[in-house]
Amino acid sequence: MTQATVSQMSQNMQQCIKNCLDCHSVCLNTIAYCLQKGGHHAQASHISLLQDCAQICVTSADFMLRGSDLHSHTCGVCAEICDRCAQECDRMGDDAQMKACADMCRRCAESCRQMAMR
């Protein structure tokens, strides 16, 4: 493996860690928003999915930060949960907070998919 390849992987991993931590934060903010908004936003299944997404994002970031050779597994699961969360947030309607959450979840899912293939 060339030094350029190692450097590129490191850049990709650093971006994935950032996306995971950003997604964790957005999901936690969205939980508070949804609980305040009430109605279908506060449905238990929706809140639970946001919690799952926040938790797997911080776990995946932790695995990458520690250099765990198992990070590809957590990143694979993270991508799947982020995809589900993005779809669920899109389903909540055209709302700035829900759109921001869905967009961040999609970015995180994409970078985690790349990490899961390594």
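Contact, throughout these legends, means heavy atoms within 4.5 Å. The model is predicted, so that local features need pLDDT of at least 70 and side-chain atom pairs count only at pLDDT 80 or more, while totals for chains, interfaces and linings use all residues. Residues are numbered from 1 along each chain as its sequence is written, and side-chain values use heavy atoms, with hydrogens and water left out.

**Figure 1**
Thr74 touches Ile56, Thr59, Ser60 and Phe63, when residues up to four places away in sequence are not counted. Because its relative accessibility is 12%, Thr74 counts as buried; buried means under 20% relative accessible area, exposed over 50%, and partly exposed in between, with a 1.4 Å probe and protein chains only.

**Figure 2. Helix 3 along its length, residues 71-91.**
Helix 3 has 21 residues and reaches 30 Å from its first C-alpha to its last, close to the 30 Å expected at 1.5 Å a residue, the expected span being 1.5 Å times one less than the number of residues. The buried residues of this helix are His71, Ser72, Thr74, Cys75, Cys78, Ala79, Ile81, Cys82, Cys85, Ala86, Glu88 and Cys89. An α-helix has 3.6 residues a turn, so residues three or four places apart point the same way. Just after helix 3, Gly93 takes a positive phi of about 110°.

**Figure 3. Helix 2 along its length, with the glycine that follows.**
The 22 residues of helix 2 should span 32 Å at 1.5 Å a residue, and the end C-alpha atoms are 31 Å apart, which agrees. Buried in helix 2 are His46, Ile47, Leu49, Leu50, Cys53, Ala54, Ile56, Cys57, Ser60, Ala61, Phe63 and Met64. Helix 2 is followed by Gly67, which has a positive phi near 70°. Ser45, also found in helix 2, is exposed, with a relative accessible area of 53%, and its C-alpha is 9.8 Å from that of Glu88, 43 residues apart in sequence.

**Figure 4. The contact of helix 2 with helix 3.**
Two packed helices are described by the angle between their axes and the distance between the axes. The axes of helix 2 and helix 3 come within 9 Å and cross at roughly 150°, where axes are lines fitted to C-alpha atoms, for helices over the stretch in contact, and angles run from 0 to 180 degrees between N-to-C directions. That makes helix 2 roughly antiparallel to helix 3; angles under 35 degrees count as roughly parallel, over 145 as roughly antiparallel, 65 to 115 as roughly perpendicular and the rest as oblique. The crossing is left-handed, meaning that the near helix is turned anticlockwise from the far one by less than a right angle, whereas clockwise would be right-handed. Among the residues that meet are Ile56, Thr59, Ser60 and Phe63 in helix 2 and Thr74, Cys78 and Ile81 in helix 3. By class, this contact has 14 nonpolar, five polar and three charged residues, with Ala, Val, Leu, Ile, Met, Phe, Trp, Tyr, Cys and Pro counted as nonpolar, Asp, Glu, Lys and Arg as charged, and the others, Gly among them, as polar.

**Figure 5. The contact of helix 3 with helix 4.**
The axes of helix 3 and helix 4 come within 7 Å and cross at roughly 155°. That makes helix 3 roughly antiparallel to helix 4, and their crossing is left-handed. The residues that meet include Cys75, Cys78, Ala79 and Cys82 in helix 3 and Cys101, Cys105, Cys108 and Cys112 in helix 4. The residues of this contact divide into 16 nonpolar, three polar and four charged.

**Figure 6. The contact of helix 2 with helix 4.**
The axes of helix 2 (residues 44-65) and helix 4 (residues 96-116) come within 12 Å and cross at roughly 40°, and the two helices are therefore oblique to each other. Helix 2 passes helix 4 in a left-handed crossing. The contact is made by His46, Leu50, Cys53, Cys57 and Met64 of helix 2 and by Met98, Cys101, Cys105, Cys108 and Met115 of helix 4. These residues divide into nine nonpolar, one polar and no charged.

**Figure 7. Ser111 and Arg107 in helix 4.**
Ser111 is buried, with a relative accessible area of 8%, whereas Arg107 is partly exposed, with a relative accessible area of 45%. Leaving aside neighbours within four places in sequence, Ser111 is in contact with Cys16 and Asn19. The C-alpha atoms of Ser111 and Ala79, 32 residues apart along the chain, are separated by 8.0 Å, and those of Arg107 and Asp83, 24 residues apart in sequence, by 9.4 Å.

Methods:
Helix = DSSP H or I, 4+ residues; strand = E, 2+ residues; numbered from the N terminus.
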